[in-house]
Protein chains: 2
Amino acid sequence: MGSSRVRSLWRYQEFLPVRDGDSVVSLGEGLTPLLHPVVYGDAIGLRGLHLKLDSLNPTGSFKDRGTTVSVSKLKEWGVDRALDDSSGNAGSSLAAYCAAAGIGCRLYVPSAASSQKIRQAEAYGAEIIRVPGSRSDVERSARKAWKNGKIYYASHALSPYFIDGTKTVAFEIADELGKNLPDHMVFTVGGGSLLLGAWKGFRELLEVGLIDRIPKLHCIQSESCMPVVVAFRKGMSRVKKVPERETVAAGIRISKPARGDEILEVIRRTGGSAEAVADSEILNQQRLMATKSGIFAEPTSCAALAGLVRLREKGKIEADDAAVVPITGSGFKDPGTKPLPVHMERADSEL
Amino acid sequence: MGSSRVRSLWRYQEFLPVRDGDSVVSLGEGLTPLLHPVVYGDAIGLRGLHLKLDSLNPTGSFKDRGTTVSVSKLKEWGVDRALDDSSGNAGSSLAAYCAAAGIGCRLYVPSAASSQKIRQAEAYGAEIIRVPGSRSDVERSARKAWKNGKIYYASHALSPYFIDGTKTVAFEIADELGKNLPDHMVFTVGGGSLLLGAWKGFRELLEVGLIDRIPKLHCIQSESCMPVVVAFRKGMSRVKKVPERETVAAGIRISKPARGDEILEVIRRTGGSAEAVADSEILNQQRLMATKSGIFAEPTSCAALAGLVRLREKGKIEADDAAVVPITGSGFKDPGTKPLPVHMERADSEL
C-alpha cells in the first residue's frame, strides 16, 4: 500500500506556477467526484450527463482550486496580510487558506450582507469590514486599503494564479474520462473563473497531446444579471455593465465581470453559447437534482443545470450528447429553497 | 490518462459485502484528505498529528461511508422504503442515498428538533415525522412503524453493513501512510460506528498481512453524556444508560449506545482509553483548528481534539507520537459557535 501521488490537485504540480513545495498551502482540494446520475439525467433528457462535485472541496466550493494556488503564491512571496472583496464562496475560501498559511485575512463586504459564508469566514479568523453603499463602493474600499497599507489585494477575480488553479478541473475530467471527453461543459458564470480555467486546462492538455479536442464551453447566467448573455446575443466582442436585480443565484450577481471579454471569446472559439435562466428554473433543478440524485447544491450552481435544459430544448445539446456540469457550491452553505412542510405524528393507527 | 480504480471507497469493493456492481449506490464518498496541520499540531503539542477530513464526504459527514454500503444492500434486496430515527448527520445521509437509489425515506425526529440537518434531509425529499417526548419515544415510534408497515428499519446504529462501510477509513489511512501507521487514533464517540469500523478495518488488514499492528483506539465523549467513559473508569464490561444534558456536541448525546460493550472491548484490546471533555474545551479546539489550520468542523467532531489534548496532558499520548483524528462532520452544517463581533468601516483615515 502507499500512494505514489498526493491526494489533491497538487498532483498536477508540474502544471502549476509554484515550484517550491514548502510554499504549497493545501487543504486537500480537487480530485472531486465525477458522478453519472442516470435517473436525474433521464429526467432532464440527457443520459450522458456527468456532474463534477466541486461542492465537496474543503470550504464547500470550486473556489478552493483557485485559492490554493493564489495563496501558495502569496506564501512564496512572503506576504503576511491579504484582502479581498467577497461576501461569498471566494471570501470564505480565502479566509481558510490564509488561516492555513498563517497569513492575515481581511474581507470587505456590503454592510447588508449577512450570510452563512461570512460566518464561515469569521470562523477561520478573517477580519470582516462592512462597507455601506453599493458593490462598487465595497470594491473601492478594498482598493483604497490596498493602496494605503501593507496588505496585498488577493483578488479572486483578477489574479492569474487563480485561473491556474481552476484549470485543474479540466485535468481531472480528462484523467477520469480519458478518450471519452464530453461534447459539452455547461458553467454557471459570474466572474467566469471556472470556465476560463477549464479552457486553459484543456488547451494545455491539447498542446502536450494528451487530448485531441476541447468540449464546447457554454455560459449560463441569471436573467437578473446577464452581462455575458447580452453581449453574446448582440454579437459584441466586449461585455458591458448591465442592470442587476435580486436573484437566488447570488454568487453570480456580477454586473460587469472583470474578464467578460475573455469569456465571450472562449464561448465562441469552442462553439458554445450563452443562455439566461429564471430563478424558478434554477430552484426547480435544485430540487430535482437533490431528490433524483442525492446531490444538494446551492442555487447558484443550479443555474448551469437550468441552462442545460434550455440548451436541450433549443437543440444545442442533443439527447445522445455527453455533457459535464460542475456543481460549484454546497447546499449546506446556502440551501436557498425553503424547507418543505413537515408532518407531525398523528394517532398510531395512521402510521 | 484514465484511472484504473473508481474514485470512491468502492475501490475496496473486494472487502465490502455487496457483490453486484449494479446495486452500488455511490455519491463519491470516501478517499477523503488526510492532512498534516503542523501549526495546529504544534499549538496542541503534537507535531505528529494527522486529520482525516471525513467532513468532506458527499453529505458532509463520515456517515456516508456507512450509508453507501447499507443503502446498496437495501437496493440489492429490492427494498423500496426505509426509515431511521435521526435528526442529525445519519438522517441527512440516509435521505441522500435513498434519493440516489430511488428508495423512499422517512425520518423520525424529536418534535423539538430544528436543525439545518433536518432541512438538508428534506431537500433530498425525505418525509420527516416529528414525535413528541423523549429520544426513546422517537425510537419507539420508528420501531412501531417498522413492525406495522412495509417499510425497512435502516438503523445506522444497528446495521452490520454500516460498520462494513466505516471500516474503509482504516483502509485509506493504511493506503496513505503505508508502514507509518499512527500510534493512536482518537474518536469522538456517540454510537461508536467509526471507532468500531476502524477496528474492523485494521483487523482485516492485519489478517491479510497488509499491516503488522493496530493503533491504540481512544474514545472521547462529552461530559454531558458519557456512558462509555463511566464504564471504562469503573472497569465494567457493560455500558449502562447514563443521565444526559444539553451539549454543543449534540451528535454524540446518546445515553446508551447500542454497541457500547463492543466499544469498551475495542478500547481495552488496543490499549486505548476513554476521556470526557467539557463544552468549553470542545469550542476552544473548534476555534483553534479553524484559525490555525483552515479546517472548520462541527463541534461534535472537535470533542476528539479536546480529548487528544487531555491524553497529551495525562501522558497517554507522548509528544513524539503520531495520531490520526477523524474530522467527522462539517462546520457548514453545524457552526456551533457564535460569529465574532464584526467591524464596521470607519473614517478612511483609520483604514
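Colleague: What makes up the area that domain 1 of chain A and domain 2 of chain A bury between them?

Modeller: About 2700 Å² is buried between these two domains of chain A, and 53% of it lies on carbon and sulfur atoms. Buried area is the accessible area, taken with a 1.4 Å probe, that two parts lose on being put together, summed over both, so the figure counts the two sides together. On the side of domain 1 of chain A, the residues that lose the most area to domain 2 of chain A are V25(A), F162(A) and K333(A), which together give 27% of what that side buries. This is a predicted model, in which local features need pLDDT of at least 70 and side-chain atom pairs count only at pLDDT 80 or more, while totals for chains, interfaces and linings use all residues. Residues are numbered from 1 along each chain as its sequence is written, chains are lettered from A and ligands numbered from 1 in the order in which they are written, and side-chain values use heavy atoms, with hydrogens and water left out.

Colleague: What are the bounds of the two domains of chain A?

Modeller: Domain 1 of chain A comprises 9-61 + 161-333, and domain 2 of chain A comprises 63-158; such bounds come from an automatic or database domain assignment. Their C-alpha centres lie 23 Å apart, and 42 residues of domain 1 of chain A are in contact, meaning heavy atoms within 4.5 Å, with 30 residues of domain 2 of chain A.

Colleague: Why is the meeting of R65(A) and D54(A) called a salt bridge?

Modeller: The term requires a side-chain nitrogen of Lys or Arg within 4 Å of a carboxyl oxygen of Asp or Glu, and the side chains of R65(A) and D54(A) meet at 2.6 Å, N to O, so the pair qualifies. Between domain 1 and domain 2 of chain A the count is three salt bridges. Between chain B and chain A the count is two, and R7(B) with E176(A), at 3.4 Å from N to O, also meets in a salt bridge.

Colleague: What makes strand 1 and strand 9 of chain A edge strands?

Modeller: The open sheet of chain A has six strands in the order 1-2-10-7-8-9, with mixed pairing. Strand 1 (34-35) and strand 9 (274-277) of chain A each have a single partner strand, so one side of each is left without a neighbour in the sheet. Strands (E, at least two residues) and helices (H or I, at least four) are DSSP runs, numbered from the N terminus, and two strands pair if DSSP finds at least two bridges between them. Strand 8 (residues 216-222) and strand 9 of chain A have four bridges in the parallel sense, so they count as paired; C219(A) has A274(A) in strand 9 as its bridge partner.
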